[in-house]
Amino acid sequence: MRRSFSASLSLARAQIQPPDWVHSYGRLLRVNGMILSAAGHSFTLGQRCQIESEDGQWFDAEVVGFDTDQAFLMPLTAVDGLRAGARVRTVATASQLLVSTELLGRVLDGLMCPLDGKAAIKTGERISAALPAVNPLQKKGVSAPLDVGIRAINSLFTVGQGQRMGLFAGSGVGKSKLLGMMTRYTQADVVIVGLIGERGWEVKDFIEHSLGPEGLKKAIVIAAPADQSPLLRLKAAELSHRLAAYYRDLGFNVLLLVDSLTRYAQAQREIALSVGEPPATKGYPPSVFSKLTQLVEKAGNSADSKGSMTAIYTVLAEGDDQQDPIADAARAILDGHVVLSRTLAERGHYPAIDIGASISRVMPQIVPDQQLKHAYALKRLYSRYLQVQELIPLGAYQMGKDQELDRAVQLYPAIEHFLCQGLQQSSDFQQSQADLTKLLS
């Protein structure tokens, strides 16, 4: 009797269908440019949401601000078919990333979705997606140079392992080509390349020509072209830093290249202005400069890691104006800057590095005194030559009145040859030092 009762009870339980989970939905109130206003639900800043379109599709968005009982959402992708009163639901935010060394050689977007047509990785280690905060007292100093394969930088503006360097240039001066050379020729173990806000065709061109198959083998490219959401561009830059920190903590020497820091700032400006933050400095809201500092401070070395994380950021000087607000802020928070000159580029001088306007703040700590002495001497000779450069063709310059100036004029052809380097040429750190010593001896 008892057995038959248990069997009947089991059969009855199997026939009972569990009720559907109760879903709570908000409602779409307004669309204002890139910002969607929603209400009727409990939203959290930074929370991932989905919005239902008229044909039943769900589009991803993220909460970027509030105003009393309304939440401001920004779509991660292009949306269409939205209507007033559309349902808005919250979804679990991806708080972890699946990473492994299989990521090397891949091209991803800001959400770690493959852009190269290959399958996403299925196995690996799960890490927090948030950028790790490093205690200032736990940051390890810069004590060793990093070979970037560029003679002028290796010898005159030596980059240290863990340094944050800026590459300042106007448009079309050759900064992307220079980044590609660094990626191919650097002695870093892993290279993370963040292409933020670039034109779509430039992403493919950088991978195929500037980076090349050899450079891609030890690199991970995170791309967020200009036609993508500003929110996705922010996430791409932050993902680049997170992956670089992961490989640094594994003990690798990592070189992080971000092109460009200006596009990152412009993406944050679009978001801030859309949610109503007032502009402050030439149209940039205060949060832009705060985000810049927070991002750059995530780079560098950690005392808990045997690896290093060196970061080079390109900074687009609008109209070649080095006093642009973003360029000026970047100079203050970075550990040095290399300035590319349009005048040199137009003369066919490549890389078009203005050695008088460039500096590496950590160089005195990581190179021998002799190299430092030679670097200062070459910069002085170059500066002295520029003082009389326009007088020489006119015959107004006379030799014999100033020995240092005479030496600058005599050495200038050799100095220019030393500063120039072909796209397919590499100059390691030792060779760059030797060439500098030979030039000034």
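In strand β5, A71 is the bridge partner of F66, and this pair belongs to the six bridges that join β4 to β5 (residues 70-75), two strands that run antiparallel. The model described here is predicted. Two sheets are treated below: a closed barrel of six strands and an open sheet of eight strands. Helix packing and salt bridges follow.

**The closed barrel**

- The six strands of the closed barrel run in the order β1-β2-β5-β4-β3-β6, with antiparallel pairing, and neighbouring strands of this sheet are turned by 45 degrees against each other on average when direction is ignored.
- Between β4 and β5 there is a hairpin with two residues between the strands, and T68 in this hairpin takes a positive phi near 50 degrees.
- Strand β3 (residues 48-52) pairs with β4 (residues 58-67) in the antiparallel sense over five bridges; these two strands also form a hairpin, with five residues between them, in whose turn G56 has a positive phi of about 90 degrees.
- On its other pairing, β3 meets strand β6 (residues 87-90) in the antiparallel sense over three bridges.
- Residue I51 has a bridge partner in each of two strands, namely F59 in β4 and V88 in β6.
- Helix α5 (residues 230-249) packs on this sheet, where it touches β3, β4 and β5, and its direction makes about 90 degrees with that of β4.

**The open sheet**

- Eight strands form the open sheet in the order β8-β12-β11-β13-β14-β10-β15-β16, and the pairing is mixed.
- Strands β10 (residues 164-169) and β14 (residues 308-316) pair in the parallel sense over six bridges, and A169 has L316 as its bridge partner in β14.

- The crossing in which α3 passes α4 is right-handed.
- On the α3 side the contact is made by S176, K177, L179, G180, M181, T183 and R184, while α4 contributes D205, F206, H209, S210, L211 and G215.
- Sorted by class, the contact of α3 with α4 holds four nonpolar, six polar and three charged residues.

**Salt bridges**

- The count of salt bridges comes to 15, and one of them joins the side chains of E297 and K139, with an N to O distance of 2.7 Å.
- E297 lies in the loop between α7 (286-296) and β14, whereas K139 lies in the loop between β9 (125-128) and α2 (151-156), so this pair ties together parts that are 158 residues apart in sequence.

How values were computed: Residues numbered from 1 in each chain as written. Predicted model: local features only at pLDDT ≥ 70, side-chain atom pairs only at ≥ 80, totals over all residues. Heavy atoms only, no water. Pairing = 2+ DSSP bridges. Helix = DSSP H or I, 4+ residues; strand = E, 2+ residues; numbered from the N terminus. Left-handed = near helix turned anticlockwise from the far one by under 90°. Contact = heavy atoms within 4.5 Å. Nonpolar A, V, L, I, M, F, W, Y, C, P; charged D, E, K, R; others polar. Salt bridge = Lys/Arg side-chain N within 4 Å of Asp/Glu carboxyl O. Axes fitted to C-alpha atoms, helices over the stretch in contact; angles between N-to-C directions.
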